[in-house]
Amino acid sequence: PEIAAVRRILDIARAEEHPLFPCLHLISYTGIRRGEALGLRWQDTGLEAGTISIVETLGRSLHHGLIFQPPKTNSGRRTIDLDASTVEVLREHRGQQLLLKLEAEGAYQDNDLVFADPLGALLNPMSLTRAFQELARRVGVDNIRLHDLRHFHASVMLQQGQSPALVSKRLGHASVSTTMDIYTHILPGWQGEAANAFARAMERG
């Protein structure tokens with residue numbers, strides 16, 4: 001997806017105070033997976049330091065319904081740095097969540113989840129997917145999926161000159177080669193630039 005399209009989706013969600021706006025913002029600005037976002041707990045956030053840690057994901061089991069699971073690989077367990085605007089979004093969201101908790105009194109289920117329903121219960125992953133698709137449709141973008149926000153984050157970072165190793169770490173890929181296999185097509189000429197840089201270094205040396 002284009003930056004303008006993602007911005008329109010996030011802008012309308014924020015303007016309408018959509019309850020899932022903070023989650024969609026976090027996914028867009030970090031590239032984390034849907035299950036990683038919905039499995040995030042406040043104890044795994046470090047808003048003072050500007051980080052979140054991915055230590056478990058929310059998934060669906062055929063026999064047990066929604067369950068928390070550890071990341072499938074060691075690289076999936078990671079700490080991700082946040083930009084200042086994302087930290088502010090999460091701070092505002094936490095304040096709103098605390099208000100909901102007070103208003104619900106004893107009915108609130110405090111699971112320490114960053115993203116939960118108004119009574120603190122687990123969010124159905126499909127509800128997040130459907131909310132995103134509806135917002136996308138309203139801004140005239142029909143060919144975008146929630147998972148595309150992950151690819152969007154990686155693509156923008158690489159196009160802005162960030163290293164594949166850094167992007168790989170943020171995404172939780174098993175190796176940098178996985179990242180490059182997926183995203184090399186968005187970096188036309190990157191080998192040529194590297195070859196020219198090497199030649200210039202040889203000339204100077």
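**A walk through the fold, from sheet pairing to core**

Thr 51 stands opposite Asp 81 in strand E5. Strands here are DSSP runs (E, at least two residues), helices are DSSP runs too (H or I, at least four residues), and both are numbered from the N terminus. The model is a predicted one: local features need pLDDT of at least 70, side-chain atom pairs count only at pLDDT 80 or more, and totals for chains, interfaces and linings use all residues. Residues are numbered from 1 along each chain as its sequence is written, and side-chain values use heavy atoms, with hydrogens and water left out.

Now the sheet around Thr 51. Three strands form an open sheet in the order E1-E2-E5, with antiparallel pairing. Strand E1 (45-46) and strand E5 (78-81) are the edges; each has a single partner strand, so one side of each lacks a neighbour in the sheet. Two strands count as paired if DSSP finds at least two bridges between them. E1 and E2 are joined by two bridges and run antiparallel. Gly 46 has Thr 51 of E2 as its bridge partner. The two strands make a hairpin with four residues between them, and Gly 50 in the turn has a positive phi of about 75°. E2 and E5 also pair in the antiparallel sense, over four bridges.

Arg 77 is exposed, with a relative accessible area of 53%. Exposed means over 50% relative accessible area, buried under 20%, and partly exposed in between (1.4 Å probe, protein chains only). Arg 77 touches Ile 54, Val 55 and Pro 71, leaving aside residues up to four places away in sequence. A contact means heavy atoms within 4.5 Å. Val 55 is 22 residues from Arg 77 in sequence, yet their C-alpha atoms are 5.3 Å apart.

Next, the interior. In soluble globular proteins, nonpolar side chains tend to be buried together. A nonpolar core is a set of buried Ala, Val, Leu, Ile, Met, Phe, Trp, Tyr and Cys residues joined through side-chain atoms within 4.5 Å. The largest such core has 40 residues; Leu 26, Ile 27, Ile 32, Ile 52, Leu 90, Phe 115 and Leu 128 touch the most other members. Elements giving two or more residues to this core include helix H2 (21-30), strand E2 (51-54), helix H4 (84-104) and helix H5 (125-138). The largest share, six residues, comes from H1. What does Leu 26 touch, not counting residues up to four places away in sequence? The answer is Gly 31, Ile 32, Leu 40, Ile 52, Leu 82, Thr 86, Leu 90 and Phe 115.

Finally, the whole protein. It has nine helices and five strands. From the N terminus on, the elements run α-α-α-β-β-β-β-β-α-α-α-α-α-α. The C-alpha trace spans about 70 × 40 × 35 Å along its principal axes. Of the 205 residues, 44% are buried. Among contacts with a separation of 6 or more, 58% come from residues 24 or more positions apart.
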